[in-house]
Structure formats: structure tokens, C-alpha cells
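Dear colleague,

Please find below the structure that I am handing over to you. My findings follow it.

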Amino acid sequence: MTQFLSLKVPKQLNHPLFFPEKEIIIETEHYAAWSESIPFEAFPFEVLYLNEVVSYTPWTKGAEHVKEILENWKQIETECRLLFSERKAGQTLELMKRGISLFLAAVFWLHGRPVMLRAWQEQMESFHTIPVNVTERLAFILSRPAFYPSYRQLSELFQEFEKQYAKYMMKHAHVKKNVQAEA
């Protein structure tokens, strides 16, 4: 049986771009476990977690999910590029919101934390695997999400983050291999 919950948007996620309404309806079945068919809406796992609804917590295995997030971005990027090339910037807002939320999820989850939009800049500055000037660049994107320069900036942030993620995975695979060899 499909169960839908109407939940308040937690103050930690309150941001007008992602949550213009103060309540959100979530189909809880989708978020009980990880699945490749999970729709990437704006931070559903975090909404459930902060409302104390039992669900999967992807940030506890963030490094495993970043690759899938990067693949999702590539699909969104292709659609955005096409719309911008056809001078249909007005149709990119929803895609850009999804892309921005994917970027935030990738960064926060890789660092083992749920996305928190309140004071996100301060939190990101404590992270070790982030692109250069990420807070300034992301603030620019958030202020004008449907403009071409924002799309380009988000695309560059994803490219830089993907390189850092690859280094992170190589480093942690090496550390894991050494730990297993010692055991």
C-alpha cells in the first residue's frame, strides 16, 4: 500500500527556491531503501529524517551514492544545454533546481552529513572535498538559477567535484586495502 505523508518543511531546509510551500507531500515507500529508480526531488531523505520519519539515510554511505548523483547530473546537464541552445532559458528552472539539489546532496553526503540549507556556507567551509570558492559560486547560482551563467557555473562545479571525488575514492580504496592487508 502506498503511503503519502504531508510533512512540514524543517527549518534546516527552509529555502524559497526548493520549498516555496511550508509543507511537502512525500511517498514514503520510495525512501525506505536505496533504489536506482528513486526520484531526485529536493532533499526527500532529509525532510523525512528531520521530521523523524524512519527512512533510508544515504549520507551514512554517501561515497557509494555520489557516482549515481553524478550520472543524474549528466542527464540534467544535457537537457539544460539543449534548452539554453534553443534560447528557452525560461524552461530550465526545474532542471536547475534538481541539478543544484543533486550537487548539494553529493557534497554533503560525501562528508557523511544530510543536506542542511540553513547556514550551508559555514558547513561547506568545514568540508575537505569541495571545489575552490564553492560557497561564492553556489551563492551566485542560487541567486539566479535559470540563467545561462549559473548553468555554466554549476556544470563547472560538478566537473571539479567529480575529479575530487575520484581522488577521494582512490585514496580511500588505498587506505581500505592497507587496513585489510594489516588484518
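To begin with a question: does Lys88 count as buried, partly exposed or exposed? Lys88 counts as partly exposed, at 34% relative accessibility; here buried means under 20% relative accessible area, exposed means over 50%, and partly exposed lies in between (1.4 Å probe, protein chains only).

Please note that this is a predicted model, in which local features need pLDDT of at least 70 and side-chain atom pairs count only at pLDDT 80 or more, while totals for chains, interfaces and linings use all residues. Residues are numbered from 1 along each chain as its sequence is written, and side-chain values use heavy atoms, with hydrogens and water left out.

Overall fold

The protein chain has six helices and two strands, taken as DSSP runs numbered from the N terminus (helices: H or I, at least four residues; strands: E, at least two). From the N terminus, the order is β-β-α-α-α-α-α-α. The radius of gyration is 17 Å, close to the 16 Å that the globule rule gives for 183 residues, so the chain is as compact as a globular protein of that length. This radius is taken over C-alpha atoms, and the rule is 2.2 Å times the number of residues to the power 0.38. Of the 183 residues, 46% count as buried.

Salt bridges

A salt bridge is a side-chain nitrogen of Lys or Arg within 4 Å of a carboxyl oxygen of Asp or Glu; the count comes to seven. Lys88 pairs in this way with Glu86, their closest N and O atoms being 3.4 Å apart. Glu86 is likewise partly exposed, at 38% relative accessibility.

In helix 3 (residues 93-110), Glu94 and Lys97 lie three residues apart, about one turn of the helix. Their side chains meet in a salt bridge at 3.2 Å, N to O, and Lys97 is buried, with a relative accessible area of 15%.

Glu46 lies in helix 1 (residues 44-50). Glu46 is buried yet has no salt bridge, and the nearest side chain of opposite charge, Arg113, is 11 Å away (Lys and Arg count as positive, Asp and Glu as negative; His and the chain ends are not counted). Setting aside neighbours within four places in sequence, Glu46 is in contact (heavy atoms within 4.5 Å) with residues including Trp59 and Trp109.

Leu157, in helix 6 (residues 148-182), is buried with a relative accessible area of 0%. Beyond residues up to four places away in sequence, Leu157 touches Phe103, Pro131, Val134, Arg137, Leu138 and Ile141.

Yours sincerely
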